[in-house]
Amino acid sequence: LPRAWARCQPPSDRGVSTSAGQGQRVGAREERVSGELGTPRARRGMETLFREQPETGNQYLEDAWLRSYLRTHLPAKVLQEVDRDLERFGHRLLTQIRALGWECELNPPVLRQYDAWGRRVDHIITCSAWRRMKEIAAEEGLVAEAYERKYSNWSRLHQAVKLYLFSSSSGGFNCPLAMTDGAAKVIESLGTPGSLKNAFGHLTSRDPKKFWTSGQWMTERRGGSDVANGTETVARKQPDGTYHLYGFKWFTSAADSDVTLTLARVVDAEGQGSGGLSLFFLKVRDEEGKLNNIQVQRLKDKLGTRQMATAELWLDGAKAELISAEGRGVASISNMLNITRIHNVIGAVASMRRMLSLSREYARRRVAFGKLLKDHPLHVQTLARMEVQTRGAFLLLMDIVRLLGLTETNMASEQDQLLLRVLVPAAKLYTGKQASAVVIEAMESFGGQGYMEDTGLPVIVRDALVLSIWEGTTNILSLDVLRSLSKSQGQAMAAFLSSVQRKLDLASSTGGLEPAVRQTRAALGRLEQFMRAAGSKGALTMELAARDFSYTLARIYTGALLIEHAARPDASSTDIATARRWCSQELCPVALELDNGSYEAEAALLDGALVDGGSPA
């Protein structure tokens, strides 16, 4: 981003700065330069705005919160190697990857449907920077790291941290990596059958010439998250055992990927379908580079993530391989959804951290009302509140990745697995909302400059807004949280409660944390009361409470993580203040709304009066 800004700004006098301690030198230089150029004073006053550009360095070295987490949790030998790798990667981000990311933004993909002779080619043209991003992803092992398991259960965390650092500079390439990771996970969960062994090797390769990316073609015209009822694509079995797919995919991200997983309903010769959807693997192009009986209808015109090709696709006999049991496609692809939702959380936390880092750096440079922004208490308070949100979201992400790493290496307890199941949808929905709020607040901290396209800030904002939509909207995921509790017959909730209680018990004697521990315990008690009361209220009340319930889980668990982090022997006063600030908010909004009778009142309005635009009788 700084390199991009530098290219966009008009030439300026080197050495001009508004940093503290340099004001007199700046003023003297301005007078000398203006005297030489004969520039009016008013003109000079406006031009100084272009010299207050925030510049950040090595993201890893500047992220003290990340480094403190790694020091606390990683074994010494693992930490030594991971620390070295992340510092090197942070330098590569600064000197190479950020500029490529900006090039991806400036040169979005285009669709060329016909060649000069009128033949249909449906060629999605991507820029060289996008293609270079794919090579870098392979070289850095941004997918491979999780499957090589060099560091056992910590390998998944190492991968997640690299993706966290990469995300905001990736030019949108974090999205195909999410689906590639998800596809590899599905294949691994199926036991890596012989027919997919080659594909798995390509998806997890570190060789840029061999590395494949994968799509995830699920959304159709009739359904977004309602996959089971909205999928119209059918699969017809061929004599050689393969299938031909026929249907229309309404929304396919990273449509330039090499392979994809997709859902379809198997039908017989008479067109009679099976009871459920099945999961298929297909190559997008054949060995000659021709599309696999696929037509690109158009590229989507999106608000954000413009760097990536998202398309509408016709499948007209696309050759595919059935990889799930017939009718068990949705269950089989659930592993992919779990991974892509975690990647969504990574993107959310990364966008928050990036915007906040730029805002903080800007506050050290920008002078307003006679002093730097960092010397205005109200401005610093705003940054501090965003910092608390970002720190909490980061710890929630890291704990989910920690649990995933344990699960993948068969080291997770039953409680760990239950906790992971409920935390993934809760974290995805909550951090998606957090990211939208934080990046918009951070954009405002730049004043008018935050609204200027050539600063790159609106790009981060637009790209963050999709995070509450991708991989399931807030309502869909709230219902998924309830489903996870129901399917486990209360065991997932018991795992959640005991995990929070254990963290609070360990921190209860830490000085300065007493208010945070007390508030979190009180919220936990109110949550348990809600669970008992909701049982007698019926299914409607529980559905109306689903959002608030999911927010409650996210806030309480994040509070417990912040308390745990602040209870470390080497914790700082800032760590303690962060935990206290987080826990001072309403941690259990679902109990508050139930006590206020909100859900009963809302249920009374569901007769359509407000939905239809009318007035209650």
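Trainee: Why does Phe173 count as buried?

Mentor: Buried means under 20% relative accessible area, with exposed over 50% and partly exposed in between (1.4 Å probe, protein chains only). Phe173 has 2% relative accessibility, so Phe173 counts as buried. Keep in mind that this is a predicted model, where local features need pLDDT of at least 70, side-chain atom pairs count only at pLDDT 80 or more, and totals for chains, interfaces and linings use all residues. Residues are numbered from 1 along each chain as its sequence is written, and side-chain values use heavy atoms, leaving out hydrogens and water.

Trainee: What makes Trp130 buried?

Mentor: Its relative accessible area is 4%, so Trp130 is buried as well.

Trainee: The structure holds 11 aromatic pairs. Why is the pair of Trp130 and Phe173 called edge-to-face?

Mentor: Rings of Phe, Tyr and Trp (its six-membered ring) pair if their centres lie within 6.5 Å; planes under 30 degrees apart count as stacked, over 60 as edge-to-face and the rest as tilted. Here the centres are 4.8 Å apart and the planes stand at 65°, so the pair is edge-to-face.

Trainee: And what makes the pair of Phe530 and Phe549 tilted?

Mentor: Phe530 and Phe549 have 6.0 Å from centre to centre and 35° between the planes, which makes the pair tilted. Both Phe530 and Phe549 are buried.

Trainee: Which parts does that pair tie together?

Mentor: Helices are DSSP runs (H or I, at least four residues), numbered from the N terminus. Phe530 lies in helix 19 (residues 514-534) and Phe549 in helix 21 (residues 546-566), so the pair ties together parts 19 residues apart in sequence.

How values were computed. Helix = DSSP H or I, 4+ residues; strand = E, 2+ residues; numbered from the N terminus.
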